[in-house]
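The sequence and the structure come first.

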Amino acid sequence: MKYNSNEIEAKWQKYWAENQTFKAENNSDKPKYYVLDMFPYPSGAGLHVGHPLGYIASDIYARYKRHKGFNVLHPQGYDSFGLPAEQYAIQTGQHPAITTEANIKTYRRQLDQIGFSFDWSREVRTSNPKYYKWTQWIFIQLFNSWYNNDSDKAEDITELIKLFSSEGNEEVYAVCDDNTPSFTAEEWNGFSSEEQQQILLNYRLTYLAETEVNWCPALGTVLANDEILNGVSERGGHPVVRKKMTQWSMRISAYAERLLQGLETIDWTDSLKESQRNWIGKSVGASVTFKVIGHDAVIDVFTTRPDTIFGVSFMTLAPEHELVSTITTPKHKAEVEAYIEATAKRSERDRMADVKTISGAFTGAYVKHPFTKEPIPIWIGDYVLASYGTGAVMSVPCGDQRDYDFAKYFNIPIPNIFESVDISKEAFADKDNTIITNSDFINGMNYKKATKRVIYELEQLGQGEGKTNYRLRDAVFSRQRYWGEPFPVYYVNGMPQMIDAKQLPITLPEVEKYLPTQTGEPPLGNAKIWAWCTETNKVVENDKIDNETVFPLELNTMPGWAGSSQYFNRYMDPQNDEEIFSQEAINYWQQVDLYIGGSEHATGHLLYSRFWQKFMFDKGLVPFDEYAKKLINQGMILGTSAFVYREEGENKFLSKGIIEGKKVQPIHADVSFVNASDELDIEAFKNWRPEFKDAEFVLEGDVYKVGRDVEKMSKSKYNVVNPDEICHQYGADSLRLYEMFLGPLEQYKPWNTAGITGVHSFLKKLWKLYFDDNGLKVNDAEPTKDNLKTLHKTIKKVEEDIENFSFNTSVSTFMIATNELTAQKCTSKDILQPLMVLISPYAPHIAEELWSALGNEGSISTVDFPKFEASHLVESSKEYPISFNGKMRFKLELPLNMSKEDIEKAVLEHEKTKAQLQGREPKKVIIVPGKIVNVVG
């Protein structure tokens, strides 16, 4: 009976689906374990072999935990709102929901064929109104909350209103906008409703404000920083500019310190934690206020080096700083405006990363130094960001290299305030070895003493104070797209109002076009039925807006990270229509025990989701303020790209071996056109794209050889390998084993389809342990000591490997065990049955089939994991090499606990010893117990 992977895998996938084998219960006598994958965006291209890497690892662990007696929650769903489906809708007119549904079907088929043990009864889709109802609900909770610094948590906005009504805001210790005015209780109570609402927006955890954003005109939307690469949009490569827009924002900055401290309580990878620490960017220093000469204005700066305040020789503002247009003199206006326009075309990340380009413009304005009262020139420079700190820096060129380079470039003075330090070639930034000079009252002081004294003197002047600052900015939460969660917001006299939670979900309206309107409004502006009637609590036609009972609805939609910020909790109770999840469900599952996903989400999803979790903890909705105990970042399976070489200026392609010394342009070729010998199918390549149809090919001999390079597997690089083909040819179990066998989970490793044949051969050899041409050959034979030794060392190694997520070495262990048992001619059911349980998490289909063939009922998936017995690895005897005058002549197995005297007696009485000695008496017998016997004759 031969191993037929396709038949076996189809059979057991059908069985699992029909019997809901992997369905988890929300209550069980078993201990719980929650294994989570980052749910995928269902793209039109479907999965390639790089995508399942993390899923296979999490599936092995989920299956292992079931074998260890746990009630395992291992759900899956789809992050199904996204720009690609919307772009396709713009091009074709097809509704994104139709595109998304078709893509999900492809993903589901591919995921099922790889044999994942997902509990599909808990599937969520972020674009399903039943799901995004709760995303909208959380938005409303955030809107109706403020952050109380005294209690260090979010509280209901009604409590803040009570405080304002009774005592005003001067004694309220809350997180709020910097420009929030002070007022008494009497003044508050005298404000109009609109005035009160406007003030409350300064405190709410989600709020409407004018914000500097990354605007992509080609896509017609705002992009997050992590959606921009090298100054252009990640999708499509379109230019991105900075501009101010009224946007919804999330006050994540209120949670900066808790987000930082929370990292100490979770078992996440060190590199990911460090990324979040850097993104949050805590720094301790001082706030300093500089008064602008000739204007009723001040510039506040934050500095970590207040000890260097006497070294300030110029101020640098971000080009977007709100004061720039006000303070710039007529003489410098044209230069400043041109510089601002040029800077708007660069993303913040691009500006931060570019340390070589020096640029700026002088405004013609000055501030007064708080101590010396000397005028200090105000410049603008793109190395200062409006979104970080106050958008202004006091520039100390002797102590900061960027300031130094800027000053050198623009011939600005560089006063030296460091004792016995040469700054003729570079700035001096070693604060621990600093002694201050040329600095009035702090001369002779070190960094710590000088910092303390400067802060004290600034406070005496009323021009500064000690302060802790965070780089973390509030997160823009609006997108000018159609395919996203609608906001549950309507506007009365321009002020946002929340739709009653009982009326949720507010679903996306139908639109004729998915582009922005002709007047520049987001795509929802094209909807004819998109207004809110407060009498009927329903969405009605726009032409009924009267601003009395019918009001305009919000036209923006939520960003991609909205739906992924709480999906892990929704999986616990996904069918609940009455509440986001029951307390019974959340208190049973509590937290994700193991989360596996990519490190590219470190400062996006993984930060925002922690913020939402902490907010939900403050509101008493969840039992823990961190949602994932352990997180592992899987590496990446890389593709082996193929390149053809077009001669510059010609429609001619040169084979790899003849390009040396020629000017050529490497072009990606689809890897499906290339064989194992790197030879290109020229006709297939010509027919691939019209511009190549008439191309000339210069060959090596009679073949065209491509170049190869290992890079990210991507549709745009034409190096994608489809798992459908691998599963069809080799089987899903081979794919699963091979992806693990490639190397440690966290590492990057190249894919090589030829390598999978070795793993497939192993599975066929494993099959032959159980079946031969006559059928099943497993029997009730008593296992030998060698059989038991092989089994138990395999149990020990596999369990250690899984617990340590060293899945690649387990695959090697299975191969070694199969080779040993084959050599031992093992047919014992006592050995081969538990072996199947060991292999089951990795290759579940073949394990199920062989388990069933051995006469077992049901699925192998919850069978107890074999117990390791150390006694089977303890050697009770030793095969001694018996030497005569140093030459080994034969081997003799003796008990390890035998005394020297008994060993000598047994050796001398052996027939082979007598033959060697031929009647002679040995001079002596050297015995090293457990090692050797040497007869000296």
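## Nonpolar cores

The largest nonpolar core holds 93 residues, and those with the most contacts inside it are Trp-248, Phe-477 and Tyr-595. A nonpolar core is here a set of buried Ala, Val, Leu, Ile, Met, Phe, Trp, Tyr and Cys residues joined through side-chain atoms within 4.5 Å. Buried means under 20% relative accessible area, exposed over 50%, and partly exposed in between, with a 1.4 Å probe and protein chains only. Helix α5 gives the most to this core, with nine residues. Another core, of 80 residues, lies apart from it and includes Leu-53, Met-713, Trp-751 and Val-778. In soluble globular proteins, nonpolar side chains tend to be buried together.

The model is predicted: local features need pLDDT of at least 70, side-chain atom pairs count only at pLDDT 80 or more, and totals for chains, interfaces and linings use all residues. Residues are numbered from 1 along each chain as its sequence is written, and side-chain values use heavy atoms, with hydrogens and water left out.

## Overall composition

The protein chain has 28 helices and 37 strands. These are DSSP runs numbered from the N terminus, helices being H or I of at least four residues and strands E of at least two. Of the 937 residues, 53% count as buried. Along the principal axes, the C-alpha atoms fill a box of roughly 120 × 75 × 75 Å.

Among contacts (heavy atoms within 4.5 Å) between residues at least 6 apart in sequence, 70% join residues at least 24 apart.

## A four-stranded open sheet

Four strands form an open sheet in the order β6-β5-β9-β18, with antiparallel pairing. Two strands pair if DSSP finds at least two bridges between them. The edges are β6 (221-223) and β18 (475-476), each of which pairs on one side only. Between β5 (residues 206-216) and β6 there are three bridges in the antiparallel sense, and Trp-215 stands opposite Val-222 in β6.

Helix α5 (residues 129-143) packs on this sheet and touches β5 and β9 (241-250). The direction of α5 makes about 90 degrees with that of β9.

## Strand β26 and its partners

Strand β26 (residues 637-647) has eight of its 11 residues buried, so it is largely enclosed by the rest of the structure. β26 runs parallel to strand β31 (residues 749-750), to which two bridges join it; Leu-638 stands opposite Pro-750 in β31. Strand β30 (residues 707-712) runs antiparallel to β26, with six bridges, and Ala-642 has Arg-708 of β30 as its bridge partner.

Strand β28 (residues 664-669) also pairs with β26 in the antiparallel sense, over six bridges. There, Phe-643 has His-668 as its bridge partner. Two antiparallel bridges link β26 to strand β27 (residues 652-654), where Tyr-645 is partnered by Leu-654. β26 and β27 form a hairpin with four residues between them, and Gly-649 in the turn has a positive phi of about 80 degrees.

## The α23-α24 pair

The axes of α23 (residues 785-803) and α24 (residues 807-823) come within 9 Å and cross at roughly 175 degrees. That makes α23 roughly antiparallel to α24. Axes are lines fitted to C-alpha atoms, for helices over the stretch in contact, and angles run from 0 to 180 degrees between N-to-C directions. Angles under 35 degrees count as roughly parallel, over 145 as roughly antiparallel, 65 to 115 as roughly perpendicular and the rest as oblique.

Residues making the contact include Thr-790, Lys-797 and Val-798 of α23 and Phe-807, Phe-814 and Leu-821 of α24. By class, the contact has six nonpolar, six polar and four charged residues. Ala, Val, Leu, Ile, Met, Phe, Trp, Tyr, Cys and Pro count as nonpolar, Asp, Glu, Lys and Arg as charged, and the others, Gly among them, as polar.

## Backbone exceptions

Most residues other than glycine have a negative phi, and most peptide bonds are trans. Asn-493 has a positive phi near 55 degrees; this residue is in the loop between β19 (489-492) and β20 and is exposed, with a relative accessible area of 57%. Gln-918 has a positive phi of about 50 degrees. Gln-918 lies in the loop between α28 (911-917) and β36 (924-928) and counts as exposed at 66% relative accessibility.

A cis peptide bond, with omega about 5 degrees, joins Leu-504 and Pro-505. Pro-505 is in the loop between β20 (495-498) and β21 (531-533).
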